[in-house]
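Here is a short briefing on one protein chain. Please look over the sequence and structure first, then read the points by topic.

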Amino acid sequence: MITVITRSGTREFHGSAYYYYRHEDLNANNFFNNRTRTPKSPYRYRINGYSIGGPIYIPNKFNTNRDRLFFFWSQEFVGMRRDYGTRFVNTPTELERNGDFSQSFDTNGKLIVVKDPLTGQPFPGNIIPAARFNSLGRAILNFFPKPNYVEQDPALKYQRNYRSAYSGNYPKRQDLIRIDANITDKFQVFYRFVRDKDEQDTPYGLWVNGGINFYLTPVRFGQPGRGHVLHANYVISPTLVTEFIFGKSRNNLYFDPVDKSLVDRSKVGNPPQWFKDTKPAVNYMPNITFGGQPANPINASFGNIPYVNWNDIYSGVFNIAKVYGTHNLKAGVYIERTGKFQVGGGNYRGAFNFSRDTNNPYDSNHSFANALLGYFQSYSEATARVDGDWWFWNFEWYVQDNWRVNKRLTLDLGIRFYHLPPMEDLNRTCATFDPQYWDPKKAPALYVPAIDPKTGKRVAKDPISGALAPVPLIGMFVPGSGDYANGMKIGGKDGYPPGMMTLPKIAFGPRFGFAYDLFGNGRTAVRGGFGMFKDRPQGNPTFYTNGNPPVAYTPTLYYGHLDTYAQSGGAVGPSNLITLLGNNKHATVMNYSFGIQHQVWNTTIDVSYVGSLSRHLIARRNLNPIPMFARFDPANEDPTNPGKPLPDNFLRPYRGFGNINLQEFAYTSNYNSLQVAVNRRFTRGLQFGIAYTYSKTLGIISDDYGSVSPYFPPRKRNYGPLAWDRPNVFVFNYIYELPKLGQRLGSRVASWIFDNWQVSGLTTFMTGAPFTPGFSTTDGADITGSTEGARMDIVGKPELPKSQRSFYRFFDTSVFRRPAKGTFGNMGPNILYGPGVNNWDIAVSKRIPLGSEQRYIQFRSEFFNAWNHTQFSSLDTTARFDPAGNQVNPNFGAFTGARDARIIQFSLRLMF
């Protein structure tokens, strides 16, 4: 728990002023920048601010004793140039833009054979004739920048040819004022107002950037906010005190490209849209992604631009405390009303995916070639972007008793009650799929693939009437054939729950703790405790249901062509859904601990067992996967493309929908640890603390956005170390005041030079993050024929002893195998741990008194990663197998990223 208390004014005037400075010239360059001969990007911080506080009075007129009314005022200004890092991708070469793929190689240097989608045979010389170029597809390729980088590392030679680096402006400002009033000796009040400005230009890497992986134009991302707090204390009697707090805060979020012309639809040839949504008055380009071949392709997938939301929070707290004999009783109530407006999340701009897909009958075996020929794996577009206005209530109340049973034993007993109803959208734009309302007789028919007997060409066919239609309608709904929103319910309409799910009206969380003085001398204590805590889900699970059918639709066309996809404009097809549903329970965390503390002179030793159990955690489960191995079933073959399966939406149990990912509160995690701490109080110029934790964190899923297997029990398929599992953590902090040589010599001049120096620091050694190695294949084979993909097979221990590790081989890459067709692999989740942390942060400061101990100037030098130790942070964790099962990625198991090199900061602070 972190508690923040703002300073208040006092009877005397006090203040401070400070200035912090960072510059790239002071810093070391990152290991990989040096390796790729990339110069340091601008990295600049200028943080300055001041504060002043004191009494509000008029001499001989008002508050003459200066003990009734006080103020505190502060401002902070941040001028920042943030380094957003260097990115490397594969962009289309000049040869590839002109159809020549004779120099296009896989990661192992093997030629990527480009096939003619019309014949299935390789193009002669691996060159696409100019007559086969699609004008829109070529415009899309030419939108992307040309190569600007030649890779020197042989292991990465065919994986990257374009380098991006960017440092963007990031100004911040905070204003704070606080007024304290002692209205009477028993009644005190304060009011605080805070205003923040926070706006940065970010090119990639943040959620607001979407999936773009190169520098095009930064997104201007603003997060301004402001907050008011009114706090009052009233002392009814020496043993009875009340407290009241009211708060009102508001924060905004907005983001949009800085140079809007660079993402205009005209930049990619003005591809037509199915549904023209005029609400955002922009003409932004669709998302464009490539995948499969070549490795590490460039992508232009943007966030939900233009975006805006605002969040209003009203909260009230009332506490009452009573001392009754050996009991310290306390009770209180917390009430919150929160609202959030947010633009809809449907992609009204559209999204092209040109990735290689072996089930695509028109796949050329190279995603850039697919675009040049005009063939895509999928195109999707929302019918509209609908805005939501979400609100919720929180009611919580508690009672607790701190009971001093005797001189050696103290008990803490309490219970907290929760009423946390689900969030609801007042605009009624949220909808969910409820299986009990789905009627197979009402499922709409989908246009099926067929051959036109007159032309011999592939077309769409109405399975009911037999009527033929343009090929882009394959997989779309046949008009009038059924209910497009079969089984869908809108939250708050027709008696359906406003939040689409329900939660218990009242939940409770008991708490218990004890402290026992083991020997009665105040030096050895045994402590323990248990607490149960309830929580409401974050907003995103509800926001994801915004714009589901029938509010809006996001149809997807598979295996289409750029010249014909617009012919299905206005048609509607199956949508992929993220839903909430049913009677759920609150996410619950149960924390418990047992420890012994012993004081030796000025040092305390603490040894504790600390654990936690979490229940009813949220994760996604697909209700509508295709049957296991369905793509391999001859009964599901596309009659117009022998050997290829029908698109997935023809094979699903709930016909008329794509994936239906239900967010359900059904999963668990656990944490168990041994924690040892040694802390010495500041004595004789030295203070230090040592903490070591040995722990294990296991569970089904690591965050609210993860998915469990739709086929296998989660405990079997998904259970393992969680993303934040760090088995070993050692932290050492210290403060040491150097001996005052000047004072010992009795020299004032020497004191100014040699006295009041302090060295402090924080040293951290920590296990790296766990990860699950992945894989791809040179032939793009479908391994499972199912909705869920495969993991690799593993045939040995993947860890390597430290003596065998190298830059290119952090773990044993030889134990991984390509899984056989029709299997899911035998590897578990998060079986390996990445490189750990070995970091030293050190500060040296000099305090210069200005006539008294209360007035001084402090100069401080801080060194983050002081020894400039290279701390690798990421690896190439993706194997690549050829059809024979050979692993051909030469960089598999190598380091790919490092934490910050040494950063130096200087600061100057004045206190009075």
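Asp-638 is buried, with a relative accessible area of 2%. This is a predicted model. The partner of Asp-638 is Arg-458, and the two form a salt bridge.

**The Arg-458 and Asp-638 pair**
- The closest N and O atoms of Arg-458 and Asp-638 are 2.9 Å apart.
- Arg-458 lies in strand β20 (residues 458-461), and Asp-638 lies in the loop between β30 (603-622) and β31 (657-683), so the pair ties together parts that are 180 residues apart in sequence.
- Arg-458 counts as buried because its relative accessibility is 15%, and the cut-off for buried is under 20%.

**Other salt bridges**
- The structure holds 27 salt bridges.
- Glu-12 and Arg-66 form one of them, with the closest N and O atoms 3.6 Å apart.
- That pair links distant parts of the chain, 54 residues apart: Glu-12 sits in the segment before β1 (14-22), and Arg-66 in the loop between β2 (44-55) and β3 (69-89).
- Glu-12 is partly exposed at 45% relative accessible area, and Arg-66 is partly exposed at 23%.
- Asp-185 and Arg-68 also meet through their side chains in a salt bridge, at 3.7 Å from N to O.
- Here the two residues are 117 apart in the chain: Asp-185 is in the loop between β5 (172-182) and β6 (187-202), and Arg-68 is in the loop between β2 and β3.
- Asp-185 counts as exposed, at 67% relative accessibility, whereas Arg-68 is partly exposed, at 34%.
- Arg-173, Asp-175 and Arg-195 are linked in a salt-bridge network.

**Nonpolar surface patch**
- A nonpolar patch on the surface has about 1,000 Å² of accessible area in total.
- Its members include Tyr-191, Leu-230, Trp-393, Trp-397 and Ile-506.
- At least two patch residues come from each of β9 (240-257), β11 (307-324), β12 (327-342) and β15 (388-404).
- Strand β11 gives the most, with three residues.
- Val-333 belongs to the patch and is found in strand β12.
- Val-333 counts as partly exposed because its relative accessibility is 38%.

**Second largest pocket**
- The second largest pocket holds about 1,500 Å³ of space.
- It is lined by 50 residues, and the closest to its centre are Gly-345, Gly-346, Asn-347, Tyr-544 and Ile-578.
- Strand β27 (residues 575-579) gives the most to this lining, with four residues.
- By class, the lining has 21 nonpolar, 25 polar and four charged residues.

Terms used:
Residues numbered from 1 in each chain as written. Predicted model: local features only at pLDDT ≥ 70, side-chain atom pairs only at ≥ 80, totals over all residues. Heavy atoms only, no water. 1 Å grid on protein atoms, 1.4 Å probe; cavity = no way out; pocket = protein on both sides within 12 Å on 5 of 7 lines; lining within 4 Å. Points joined across faces, edges and corners; volume = space filled by probe spheres on them. Nonpolar A, V, L, I, M, F, W, Y, C, P; charged D, E, K, R; others polar. Patch = residues over 30% accessible without salt bridge, like charges linked within 9 Å, V, L, I, M, F, W, Y side chains within 5 Å. Areas by Shrake-Rupley, 256 points an atom, 1.4 Å probe, with all protein chains shown as cover. Salt bridge = Lys/Arg side-chain N within 4 Å of Asp/Glu carboxyl O. Buried < 20%, exposed > 50% of the residue type's maximum accessible area, 1.4 Å probe, protein only.
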